[in-house]
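Hello,

Here is the structure I promised to pass on. Please open it alongside this message; my notes follow below.

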Amino acid sequence: MTQRWQPGDLVVLRELWQGRIWSGRPYTIVEDTPDRLIIYMKAGVRWVRPLRYDGSALHGRERDWTLGEDAWPIETLRIVTPHRFHSVLLLWTEGFGKFLRWYVNLEEPLTRSAIGFDYLDQLLDIEIAPDLSAWNWKDADELEDALSNGLITPQKADLISQEGRSVTEALDMRQPPFDEQWHSWRPNPFWDVPVLPDGWNDLESYPACGGDI
């Protein structure tokens, strides 16, 4: 039986690439049920991102990297459906002053770990207008670069694009989560500010468990 997290629990969302940590983000559990996972990342929290060894940011996929700490700039609500190759995110300015947009992150399905969840971003994304009236692909160039450099197969690139098209069809038909008023959601003010715990990046102490959420 899957052990479910409770609302307000602090978890780590780790991204793994080539058996190493690519990024780490502290999140707060909003909902964890067999039907969906909803997690929240507060603006201003510290996270760990991939960098080149000269300290410059990485935006695509490369074969070698180091890690650096940064502050997360926006309020982020992430809605995950088990077995699907994407998450749907809602983004606000810090303090929820303005709802910015919906955002679809195409990715490998999340798996559980002892401290949260693991996944791998698949580079291609979709930006959706706040009122759901329009959408556009994002980072198609990063997917093409990864394909050209042999970091992703043509078959995988096709699957990623197909998943994106399935999400836009759900958007057109106003299927979940696009049929819900998530833009008015707000976190519990009594929740603790999430932080990356000691040892979060130790894959021997906290291995990826495998299996969908």
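**Helix H2 and what follows**

H2 is followed by Arg174, which has a positive phi near 55°. Keep in mind throughout that this is a predicted model. Arg174 is not a glycine, despite that positive phi. Its place is in the loop between H2 and E13. With a relative accessible area of 37%, Arg174 is partly exposed.

Now the helix itself. H2 covers residues 154-172, 19 residues in total. At 1.5 Å a residue it should span 27 Å, and its end C-alpha atoms are 27 Å apart, so the two agree.

Which residues of H2 are buried? They are Ala157, Ile160, Ser161, Glu163, Gly164, Val167, Thr168, Ala170 and Leu171. An α-helix has 3.6 residues a turn, so residues three or four places apart point the same way.

**Nonpolar cores**

The largest nonpolar core has 33 residues. Which of them touch the most other members? Leu77, Leu90, Trp102, Ile128, Phe178, Trp182 and Trp185 do. Two or more residues each come from strands E2 (20-32), E3 (37-41), E6 (75-80), E7, E8 and E11, and from helices H1 and H2.

Take Ile128 as an example. Leaving out residues up to four places away in sequence, Ile128 touches Arg101, Trp102, Val104, Ala134, Trp135, Leu171 and Phe178. Of these, Leu171 is one of the buried residues of H2.

There is also a second, separate core of 20 residues. Among its members are Val45, Trp47, Leu91 and Tyr103.

**The cavity**

How many cavities of 30 Å³ or more are there? The count comes to 1. About 50 Å³ of space lies in the largest cavity. Its lining consists of Phe85, Leu106, Glu107, Glu108, Gln122, Lys156, Leu159, Ile160 and Glu163. E8 and H2 each supply at least two of the lining residues. H2 has the largest share, with 4 residues. By class, the lining has 4 nonpolar, 1 polar and 4 charged residues. Ile160 and Glu163 belong to this lining, and both are buried in H2.

**The pockets**

The largest pocket holds about 760 Å³ of space. It is lined by 29 residues. Which lie nearest its centre? Arg25, Trp47, Trp72, Tyr103 and Lys138 do. Trp47 and Tyr103 are also members of the second core.

At least two lining residues each come from E2, E4 (46-51), E6, E7, E8 and E11. E2 gives the most, with 4 residues. The lining splits into 13 nonpolar, 5 polar and 11 charged residues.

The second largest pocket has a volume of about 270 Å³. It has 17 lining residues, and the closest to its centre are Thr81, Arg84, His86, Pro176 and Pro177. E6, E7 and H2 each give two or more residues to this lining. By class, the lining has 8 nonpolar, 5 polar and 4 charged residues.

**Backbone points to check**

Pro176 and Pro177 are joined by a cis peptide bond, with omega about 5°. Pro177 lies in the loop between H2 and E13 (208-212). Both prolines are among the residues closest to the centre of the second largest pocket.

Gln18 also has a positive phi, near 55°, and is a residue other than glycine. Gln18 is found in the loop between E1 (10-17) and E2. Is Gln18 buried or partly exposed? At 44% relative accessibility, it counts as partly exposed.

**Tyr53**

One residue remains. Tyr53 sits in the loop between E4 and E5 (66-71). Tyr53 is exposed, with a relative accessible area of 60%. Leaving aside neighbours within four places in sequence, Tyr53 is in contact with Asp64, Trp65 and Thr66. How far apart are Tyr53 and Pro197? They are 144 residues apart in sequence and 24 Å apart in space, C-alpha to C-alpha.

Best wishes

Note on methods. Residues are numbered from 1 along each chain as its sequence is written. This is a predicted model: local features need pLDDT of at least 70, side-chain atom pairs count only at pLDDT 80 or more; totals for chains, interfaces and linings use all residues. Side-chain values use heavy atoms; hydrogens and water are left out. The expected span of a helix is 1.5 Å times one less than its number of residues. Buried means under 20% relative accessible area, exposed over 50%, partly exposed in between (1.4 Å probe, protein chains only). A nonpolar core is a set of buried Ala, Val, Leu, Ile, Met, Phe, Trp, Tyr and Cys residues joined through side-chain atoms within 4.5 Å. Contact means heavy atoms within 4.5 Å. On a 1 Å grid over the protein atoms alone, a cavity is a set of points where a 1.4 Å probe fits but cannot get out, and a pocket is an open set with protein on both sides within 12 Å along at least five of seven lines; lining residues have an atom within 4 Å of a point. Grid points are joined across faces, edges and corners, and a volume is the space filled by probe spheres set on the points. Ala, Val, Leu, Ile, Met, Phe, Trp, Tyr, Cys and Pro count as nonpolar, Asp, Glu, Lys and Arg as charged, and the others, Gly among them, as polar.
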